[in-house]
Amino acid sequence: RQALSAALGVEIQIIDGDREAGLIAKAVLAAPLPPADHYLIMDIGGGSVEFILTDERKTLYLASFPVGAQVLRRRFHVEEPFVGAGGAHHERSAQSAPQPQALVGYLTQTLAPMVKACEGLEVQLVGSSGTFDVLADLYGQVLAQAVWTLDPAQVRNLFNESARMTEEERFADTRIPDDRADMIVVALGLIDFVVERLPQRQVVTCAYALKEGALLEILG
């Protein structure tokens with residue numbers, strides 16, 4: 001870090017997951033989001049996923065979980081295709097469970113604190129970065145500058161369809177960017193998992209994320 005700072009002539013700070021989540025929330029809440037009692041901001045990275053539950057006035061819950069797309073890909077998508085004859089949504093806890101069931105079991109355990117924090121609340125999911133950008137490009141209806149809405153069923157449909165493709169088929173599918181073809185199945189599975197436990201009339205996506213939050217903080 002010191003060598004890179006010297007080469008660039010700038011100070012480099014390493015931030016933790018909570019700090020990252022706070023900057024993401026600052027950016028997303030600066031966008032013209034649709035009115036809602038509570039927002040659950042979800043940012044999917046390669047190594048982690050940040051969740052921020054807020055009513056706009058204050059943060060009610062903030063956490064970073066090690067369930068990023070690259071992490072889930074390495075752990076749960078080791079064979080092609082992701083889904084065989086067993087289907088994508090049958091849960092089973094056995095260690096030898098097929099890939100989809102193993103993914104759901106892991107997310108159920110790991111994300112339990114986030115799901116509990118949202119219990120009893122009317123929550124609007126707002127996704128930023130990564131696979132949310134792909135969904136916005138494919139299905140998003142423009143709501144305002146940097147904000148789109150989409151039908152949660154479109155997430156489920158693309159998840160189920162891509163889960164039955166081989167990696168070669170995903171790379172050949174023009175809807176899926178090449179830089180997402182390896183990770184998109186588990187990322188869609190993650191989004192679908194959240195939507196299934198926090199039913200949504202619509203999913204909102206936002207183009208603002210970490211870098212916009214950092215800029216807003218710098219600008220004061």
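Modeller: Happy to. Let's begin with Ala146, which sits in the loop between strand E5 (141-144) and strand E6 (147-150). Please keep in mind that this is a predicted model.

Biologist: What is the phi of Ala146 like?

Modeller: Phi of Ala146 is near 70 degrees, which is a positive value in a residue other than glycine.

Biologist: And is Ala146 buried or exposed?

Modeller: Ala146 counts as buried, because its relative accessibility is 12% and the cut-off for buried is under 20%.

Biologist: Which non-glycine residue has a positive phi of about 80 degrees?

Modeller: That's Glu56. Glu56 is in the loop between strand E2 (49-54) and strand E3 (59-65). With 48% relative accessibility, Glu56 counts as partly exposed.

Biologist: While we're on the backbone, where is there a cis peptide bond?

Modeller: Look at the step from Glu80 to Pro81: that peptide bond is cis, with omega near -10 degrees. Pro81 belongs to the loop between H3 and H4.

Biologist: Glu80 is charged, I know. Which residue does Glu80 form a salt bridge with?

Modeller: Its partner is Arg170, and the closest N and O atoms of the two are 3.0 Å apart. The pair ties together distant parts of the chain, 90 residues apart: Glu80 is in the loop between H3 and helix H4 (99-110), and Arg170 is in helix H8.

Biologist: How accessible are those two?

Modeller: Glu80 is partly exposed, at a relative accessible area of 33%. Arg170 has 0% relative accessibility, so Arg170 counts as buried.

Biologist: OK, and which residues are linked in a network of salt bridges?

Modeller: The network takes in Arg73, Glu80, Glu167 and Arg170. Within this group, Glu167 and Arg73 meet through their side chains in a salt bridge, at 3.3 Å from N to O. That is another link between distant parts of the chain, because Glu167 is in helix H8 (residues 167-172) and Arg73 is in helix H3 (residues 69-76), 94 residues apart.

Biologist: How many salt bridges does the count come to?

Modeller: The count comes to 12 salt bridges. Another of them joins the side chains of Arg175 and Asp173, at 2.7 Å from N to O. Arg175 is partly exposed, with a relative accessible area of 25%, while Asp173 is buried at 15% relative accessibility.

Biologist: Let's change topic. Which residues touch the most other members of the largest nonpolar core?

Modeller: Those are Leu40, Met42 and Met114, in a core of 47 residues. Helix H9 (residues 184-197) contributes the most to this core, giving 10 residues.

Biologist: What does Met42 touch?

Modeller: Setting aside residues up to four places away in sequence, Met42 touches several residues, including Val49, Phe51, Leu125, Phe132, Leu190, Ile191 and Val194. There is also a second, separate core of 13 residues, with Ile24, Val28, Ile41 and Cys206 among them.

Biologist: One more stop: where is Ser5, and what is Ser5 in contact with?

Modeller: Ser5 lies in helix H1 and is buried, with a relative accessible area of 16%. Leaving out neighbours within four places in sequence, Ser5 is in contact with Val10, Glu11 and Ile12.

Biologist: And where do I find Asp16?

Modeller: Asp16 is in the loop between helix H1 (2-8) and helix H2 (17-29), and Asp16 counts as partly exposed at 49% relative accessibility.

Terms used: Residues are numbered from 1 along each chain as its sequence is written. Side-chain values use heavy atoms; hydrogens and water are left out. A nonpolar core is a set of buried Ala, Val, Leu, Ile, Met, Phe, Trp, Tyr and Cys residues joined through side-chain atoms within 4.5 Å. Buried means under 20% relative accessible area, exposed over 50%, partly exposed in between (1.4 Å probe, protein chains only). Helices (H or I, at least four residues) and strands (E, at least two) are DSSP runs, numbered from the N terminus. Contact means heavy atoms within 4.5 Å. A salt bridge is a side-chain nitrogen of Lys or Arg within 4 Å of a carboxyl oxygen of Asp or Glu.
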